[in-house]
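Open the model in your viewer and keep the selection tool at hand. The tour goes stop by stop.

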Amino acid sequence: MEEEVFERLPNLELADLRFALADPNTSATDKADKQKQLLAAITANKMTPFYIDICTEHGWAPDPSLIAQFTTANDTHLKELDAKIEDAEKNLGESEVREALLAKAEHFVRIGDRDNAVTAYRITSEKTVAIGQKLDVVFAQIRLGFFFADEDMISRNISKAKSMIEQGGDWDRRNRLKVYEALHELTRRQFSKAARLFVDSLATFTSTELFSYERLVFYAVVSALVSFDRQNLRKQLIESPEVLTIIHKIPHLTDLLHSFYDCDYAKFMSSLLHIVTSCSQDRYLYRHARWYGREMRVRAYGQYLESYRSVQLGSMASEYGMSVPLLDQELSRFISQGRLNCKIDKVSGVIETNRPDTRNAQYQSMLKSGDVLLNRLQKLSRVINL
């Protein structure tokens with residue numbers, strides 16, 4: 001039953017192919033291969049609206065005979081679906097009516113007709129009583145949002161799913177919602193929240209309608225590296241049996257995780273370059289690839305400098321496999337942005353760290369908060385006395 005509920009609709013691999021075709025970094029050979037795959041899927045599913053969108057997007061000339069063929073087949077199938085709905089309403093029960101309405105919604109999803117699919121899902125939801133089945137409809141709309149990169153659709157339906165889960169969703173659907181929400185947070189660059197949700201899902205993952213388990217591990221490690229502290233990296237990733245069984249299958253990810261944790265910075269810089277490239281080719285991460293590379297370098301530089309009060313610039317450059325001028329340029333930019341607590345003595349070629357006094361900062365913050373509170377109380381007392 002679960003497999004029927006969570007059929008791969010829409011097929012998100014088609015959205016990945018669409019993204020790859022629009023990516024300027026995709027080679028001409030790969031583009032030709034992906035175009036062939038995409039057109040084959042479009043033809044197999046008679047995806048008239050999606051086909052027209054793709055042709056418009058890439059400046060292709062649509063094939064009128066193909067569109068006519070798709071339209072005829074879809075119109076015929078739609079009439080059959082409407083007939084089943086009418087028959088169910090007249091002769092069968094509410095459950096059969098719901099199934100007929102859901103089949104119509106899935107037809108619109110299958111051909112890439114977003115607007116009609118949303119309308120059909122709304123009608124189906126109105127005819128649905130069980131909270132689990134209502135959630136399945138919401139999940140389908142979240143997937144539709146991911147397919148079309150519709151941020152508003154995703155946000156609204158995740159909020160709706162959270163509210164419905166509180167009313168009595170089962171554990172399987174609760175776990176699925178974690179993965180859906182994590183993916184959404186990843187696209188919004190909320191890596192810390194995404195990492196927690198992805199890591200929580202490692203032992204219970206069943207959302208293969210979104211992506212593979214291998215992809216889950218990739219997203220979990222990538223998001224956790226930029227947000228977890230060393231203790232949690234070791235406990236929740238490096239020692240995780242779920243991660244250990246898969247991570248070696250993902251190129252360069254093991255090297256990135258272990259080189260960062262083990263402070264092997266030359267290997268870290270090399271593997272980071274490969275992972276950033278992978279992120280730039282990922283439909284959910286491509287907008288954050290450059291940011292991710294920058295943030296990971298800041299973390300690595302900060303981790304190295306924590307061990308020293310001062311260190312030779314040349315020595316640090318050697319550790320990272322970088323030239324001194326390049327490292328100097330990198331550090332100077334991050335120092336000026338307030339990202340690293342250190343300064344560079346260009347004359348002696350030494351980096352001097354300035355460790356922030358967190359205890360004193362907390363004390364000063366408490367004093368300021370106390371002053372604000374006292375001022376407010378004094379104002380309130382004057383108002384009361386008047």
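**Salt bridges**

Select Arg98 and Glu99: their side chains meet in a salt bridge at 3.0 Å, N to O. A salt bridge here is a side-chain nitrogen of Lys or Arg within 4 Å of a carboxyl oxygen of Asp or Glu. Arg98 is buried at 6% relative accessible area, whereas Glu99 is partly exposed at 38%. Buried means under 20% relative accessible area, exposed over 50%, and partly exposed in between (1.4 Å probe, protein chains only).

Before moving on, note the ground rules. This is a predicted model, with residues numbered from 1 along each chain as its sequence is written. Local features need pLDDT of at least 70, side-chain atom pairs count only at pLDDT 80 or more, totals for chains, interfaces and linings use all residues, and side-chain values use heavy atoms, with hydrogens and water left out.

Next, select Arg122 and Glu126. Their closest N and O atoms are 3.3 Å apart in a salt bridge. The two sit four residues apart in helix H7 (residues 114-126), so about one helical turn separates them. Helices are DSSP runs (H or I, at least four residues), numbered from the N terminus. Arg122 is partly exposed at 45%; Glu126 is exposed at 56%.

Now go to Lys193 and Glu181, which form a salt bridge at 3.1 Å, N to O. This pair links distant parts of the chain: Lys193 lies in helix H11 (residues 191-201) and Glu181 in helix H10 (residues 171-187), twelve residues apart. Lys193 is partly exposed at 32%, while Glu181 is buried at 9%. The whole structure holds 25 salt bridges.

**The core**

Which residues touch the most other members of the largest nonpolar core? Select Tyr292 and Tyr301, in a core of 109 residues. A nonpolar core is a set of buried Ala, Val, Leu, Ile, Met, Phe, Trp, Tyr and Cys residues joined through side-chain atoms within 4.5 Å. Helix H8 (residues 131-148) gives the largest share, ten residues. A second, separate core of five residues includes Ala88, Val97, Ala100 and Leu101.

Zoom in on Tyr292. Leaving out residues up to four places away in sequence, Tyr292 touches Phe191, Val222, Leu225, Val226, Leu256, Leu272, Ile275 and Val276. Contact means heavy atoms within 4.5 Å.

**Confidence**

Finish by coloring by pLDDT, the predictor's confidence in each residue, from 0 to 100. The chain mean is 92, and 96% of residues reach 70 or more. Residues 1-5 stay under 50.
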